[in-house]
Amino acid sequence: MHSRHTREVQAPTPRAAYVHVPFCRHRCGYCNFTVVAGRDDLIEAYLDAIEREMASLGEPAAVETLFLGGGTPTHLSGPQLRRLLSAVRRWFPPRGDCEWSVEANPGDIDETKADVLAEFGVTRISLGAQSFDSEKLRRLERDHEDEHIRRAVAICRPRFASLSLDLIFGAPGETLEGWRRDLTAALELQPDHLSTYGLTYELGTTFWGRRLRGELASVEEDAERAMYESAIDTLTSAGLEHYEVSNFARPGHRCRHNEVYWSGGRYWAVGPGAARYVGDTRSANHRSTFTWRRRIEAGQSPVAESETLSPEEQAREKLVLGLRRIEGVSLREFQRDTAHSAEELAGEAIERFLEWRLLARAGDRLLLTRDGLLVSDSLWPELLQGASAAGR
Ligand code: SF4
């Protein structure tokens with residue numbers, strides 16, 4: 001017999017790190033990330049602060065995956081990038097065949113910056129293409145054109161082992177035909193990886209206010225689902241593996257860093273708004289770049305919120321994150337890794353979703369069906385709450 005107390009599982013040491021770079025040339029209307037637009041005068045002070053935050057680790061933490069996201073890391077100048085990357089390498093030294101991803105915007109990346117990234121060991125570029133259609137890009141308030149994407153791809157191809165493109169669907173006024181043209185244009189560039197996200201209207205963005213005032217109309221739910229299905233069909237027919245709800249990769253090009261998130265793994269994070277999972281605790285820094293910096297400059301912790309998860313909460317999260325992966329969750333491995341069975345955590349909800357054919361079993365694995373993929377976000381709350389939510 002095992003009691004809850006004797007089944008605790010030791011949290012692994014993080015082998016992944018995320019670095020947030022909050023600067024952008026301007027703020028896109030739909031964006032609710034931690035971003036400072038048009039304040040390049042703050043970049044040097046940011047670099048001082050992030051170096052100090054990393055130094056608070058005390059000693060370097062070797063990692064197998066690194067991810068520089070934003071904002072727009074490539075908005076930094078060549079010398080600023082060089083300073084950031086050398087600090088990152090010092091505190092998060094890449095081990096072995098470390099995957100090092102950097103987000104880039106098509107309008108920002110040039111040969112000089114790409115050379116700096118390659119020189120420091122960056123292996124993977126994630127390019128915020130979003131669309132190849134000028135009108136859609138304008139509506140999204142992006143500041144690039146399709147030729148910038150092609151130029152950026154030409155710059156990155158010879159320098160980096162892996163290239164990913166982000167695409168958005170469901171922009172105001174977008175049609176299924178228009179979205180299909182975007183998919184075709186993206187495939188013509190032969191990316192190693194594609195991420196496709198449905199546009200969401202977030203509180204606090206200008207898009208949120210414009211939609212409330214009736215200036216922007218979101219696409220119908222059915223149309224958005226058709227766009228998502230068309231992405232799955234088009235991209236998998238082109239030989240990309242659909243490996244997570246929103247992500248597709250050529251063999252050998254899955255994003256290993258994001259797979260750490262989806263497997264419930266641990267990771268460091270630094271920068272304004274950055275969220276980490278270390279030991280049993282999830283914590284996040286202040287989202288305001290000013291507050292984050294002020295606190296670091298004053299020798300205080302930049303952490304704004306922190307939550308220590310019980311072994312059961314950790315297991316529930318791991319189940320939900322794992323189901324985002326198309327291969328689903330091996331129930332045997334899940335029990336081995338968490339000391340909880342999925343049935344015990346959320347048996348009623350799982351049974352119901354199996355009956356509704358939103359989940360399926362394949363041997364030892366529990367996974368989303370095609371119908372489940374289309375509504376996956378609505379399943380997670382019930383699985384996180386488990387048996388107590390079932391049957392309500
Ligand atoms: S470029 Fe990306 S991070 Fe910057 S404002 Fe636009 S959507 Fe947000």
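Two strands count as paired here if DSSP finds at least two bridges between them, and the strands (E, at least two residues) and helices (H or I, at least four) are themselves DSSP runs, numbered from the N terminus. This is a predicted model, where local features need pLDDT of at least 70 and side-chain atom pairs count only at pLDDT 80 or more, while totals for chains, interfaces and linings use all residues. Residues are numbered from 1 along each chain as its sequence is written, and side-chain values use heavy atoms, with hydrogens and water left out.

**View 1. Strands E16 and E17 pair up as a hairpin.** The two strands run antiparallel and are joined by four bridges. Leu359 of this pairing sits opposite Leu368 in E17. Two residues separate E16 from E17, and Gly363 in the turn has a positive phi of about 60 degrees. On to the rest of the sheet: E15 and strand E17 (residues 365–368) are also antiparallel, with two bridges joining them, and Ser330 faces Arg365 in E17. Put together, that gives an open sheet of three strands in the order E15-E17-E16, with antiparallel pairing. Strand E15 (329–330) and E16 are at the edges with a single partner strand each, so one side of each has no neighbour in the sheet.

**View 2. Arg357 sits in the loop between H13 and strand E16 (359–362).** Its phi is positive, about 55 degrees, although Arg357 is not a glycine. As background, most residues other than glycine have a negative phi, and most peptide bonds are trans. Is Arg357 buried or exposed? With a relative accessibility of 62%, Arg357 counts as exposed (buried is under 20% relative accessible area, exposed over 50%, partly exposed in between, using a 1.4 Å probe and protein chains only).

**View 3. Gln130 has a positive phi inside a strand.** The residue belongs to strand E6 (residues 124–130), and its phi is near 70 degrees.

**View 4. A cis peptide bond links Gly70 to Gly71.** Omega for this bond is near 25 degrees. Gly71 lies in the loop between strand E4 (63–70) and helix H2 (78–91). Gly71 also turns up in the next view, as part of the ligand's surroundings.

**View 5. Twelve named residues make up the shell around the ligand: Cys24, His26, Arg27, Cys28, Tyr30, Cys31, Phe33, Val35, Gly71, Thr72, Asn105 and Arg142.** To make the list, a residue needs a heavy atom within 4 Å of the molecule. By class, the shell has six nonpolar, four polar and two charged residues. Nonpolar here covers Ala, Val, Leu, Ile, Met, Phe, Trp, Tyr, Cys and Pro; Asp, Glu, Lys and Arg are charged, and the others, Gly among them, are polar.

**View 6. The largest nonpolar core has 89 residues.** A core is a set of buried Ala, Val, Leu, Ile, Met, Phe, Trp, Tyr and Cys residues joined through side-chain atoms within 4.5 Å. Which residues have the most contacts inside it? They are Leu84, Phe92 and Ile125. Helix H13 (residues 342–355) supplies the largest share of this core, seven residues. Domain 1 (10–262) and domain 2 (311–388) both contribute residues, so the core lies between them; the bounds come from an automatic or database domain assignment. A second, separate core of 12 residues includes Cys24, Tyr201, Phe207 and Leu216.

**View 7. Phe92 and its contacts, leaving aside neighbours within four places in sequence.** Phe92 is in contact (heavy atoms within 4.5 Å) with Ala17, Met54, Leu57, Ala61, Val63, Leu66, Trp268 and Val270.

**View 8. Domain 1 meets domain 2.** In this interface, 14 residues of domain 1 contact 12 residues of domain 2. The C-alpha centres of the two domains are 28 Å apart.

**View 9. Thr196 lies in strand E8 (residues 193–198).** At 1% relative accessibility, Thr196 is buried. Residues up to four places away in sequence aside, Thr196 touches Leu167, Phe169, Trp179, Ala231, Leu235, Ser246 and Phe248.

**View 10. Arg370 is part of helix H14 (residues 370–374).** Arg370 is partly exposed, at 33% relative accessible area. Not counting residues up to four places away in sequence, Arg370 touches Glu229, Ile232 and Asp233.
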